[in-house]
Amino acid sequence: MSFEESSNEPLLQIDRRALLRGSISLGIAGAATHIFQPRTAFAKAPRRGGKFVAGIDSGSTTDSVDPVFLSSSATVFVSYQLGNRLVERTTDGQLGPELAERWEPTEGGKSWTFHLRDDVTFHNGKEFTAKDMVYSLNRHRGPDTKSGAASLMKAIEDIKVDNPHQFTVTLSAPDVNFPYLMANAALIAQSEGEDPAKGIGTGPFVLDSAQPGIRYNFRRNPKYFRPEPLFDELEILIINDDTARISALLAGSTHFASGLTPNLVERIRNSSSIKVDVADTTTFYYFVMQTNQAPFNNPDLRLALKYAVDRDLILKTTQAGYGTIGNDNPINSIYPLYSALPQHSYDPEKATFHYKKSGHSGAIDLYTSETVFPRAVSAVEIYQQSAAKAGITINPKRVPHDGYWSEIWMKKPFCASRFGSLATEDQAFTQPFASDSPWNDSNWYRPQFDKLLIQARSELDVGKRKSLYHDAAKMVQEDAGHITLMFSTSINGLAKNIHGFVGDHFHGEAKNFARCWFEA
């Protein structure tokens, strides 16, 4: 699940990593990031001017421009226009400076000092200082905050202003990954003393008007501390219906359409007026077994069910090949400290062996709904057929969209789900699998696993930390309750005359609005 989509879903990190452009053909599973378009694209000189209109999904009339209430992909798109964070993900997956020029740890990562730029102003003309940043971060922590990012701040014991352009964060325990968390979409700098609901930030665009659930209008920020945006104006239209969103793009009413599904891409791939951007992500789709309940407390049954799924067929059939195959753990090659494990491939013989060893008999209910991920119901039906070849009977239980995340997920012992997008290896392991995580949806509790995560957080040696995460991934793959089907792609449509768009691993497409331009 992504917390951008529903307040009833688990809090998930939505930090971003931009990806270098590739030139891989359409529809090939495993492609990193690519744009395909009706004719060969040549480098274009940036052109200033014009009004850019974006059609964005998942907006609501209850949305707010206050980042504390960031709750949908629409509000995430808005936040990237209004504000900046301390850091951002770079094209090589590391951290780059944004409002912070540099940062360094002390006490092995228990304290972090951030040195801020001294040339940043808010949209209201006020100078940005460390006091503003500390105020902004504190709004997301403490028992009374309503922020969706509150869980990211739990480890903070204190935040202290050192001077006008420097502050220090003290944690309850060392965490070498902490700066990555500061790239969270919600953690934008706000002007202390200003009404947060006004949308006053330091970002590339200034908010002129907001009609939540309908539209947001912006103008270029002429005092932006980075290169000024090339568009004079920006309008974000909320178009929640998938077909209506792509129709607006095809008609020329918008220049961008977010969140395209694979079936829509296949319908528009030959259009002469638009191009499609595809980027791999860290979001994964999976079936989850609650390991503290029979029959899923049997490790052989869990392995049998993992070997009984034809991931390749599910990816090809339900996602038209868009995505990469999962391997029953939450880490893929996007993460800098990824290390490959032997692939859990479809193997009816191994599935039969472990199933017989488990001693189980009878049908196994598997709950699903189309709200989980595109064609999730079809994925379960394909699984039913592949498992039958191993003598395992899967009984699909399709349920309505409404109430799935409150009545089925984490309630039923076997169901479909999704998780993502997570910023670091630590988050990818901690949120779904740590014993004290509220989103441990498989109820899998292993003290040895928890110790690996704690050790990795304080390990400054990258090679040793990578080895610890490898061991953690192996434990999850062989014993935990996730059957990871695939990692999804982020698919967006653009007008053919838009240039400068860069695909993004962490759903950070909104950053592009400040660097794109119209073809002359």
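**Salt bridges and a helix crossing in a predicted model**

Lysine 51 is partly exposed, its relative accessible area being 34% (buried means under 20% relative accessible area, exposed over 50%, and partly exposed in between, with a 1.4 Å probe and protein chains only). The model is a predicted one, so to speak of local features a pLDDT of at least 70 is needed, side-chain atom pairs count only at pLDDT 80 or more, and totals for chains, interfaces and linings use all residues. Residues are numbered from 1 along each chain as its sequence is written, and side-chain values use heavy atoms, with hydrogens and water left out.

On the confidence side, the protein has a mean pLDDT of 89, and 91% of its residues reach 70 or more (pLDDT is the predictor's confidence in each residue, from 0 to 100).

The term covers a side-chain nitrogen of Lys or Arg within 4 Å of a carboxyl oxygen of Asp or Glu, and the structure holds 19 of them. Lysine 51 belongs to strand S2 (residues 51-56) and glutamate 235 to strand S11 (residues 233-238), so the pair links parts of the chain 184 residues apart (strands are DSSP runs of E, at least two residues, and helices runs of H or I, at least four, numbered from the N terminus). Glutamate 235 is buried, at 9%.

A second bridge pairs glutamate 98 with arginine 226, whose closest N and O atoms are 3.7 Å apart. Glutamate 98 is in the loop between strands S4 (95-97) and S5 (100-106), and arginine 226 in the loop between S10 (215-220) and S11, so this pair ties together parts 128 residues apart in sequence. Glutamate 98 counts as buried at 7% relative accessibility, while arginine 226 is partly exposed at 24%. There is also a network of salt bridges linking Arg48, Arg220, Glu228 and Asp232.

As for helices, the residues in contact between H7 and H9 are Leu313, Ile314, Thr317 and Thr318 of H7 and Ser378, Ala379 and Ile382 of H9.

Conventions. Contact = heavy atoms within 4.5 Å.
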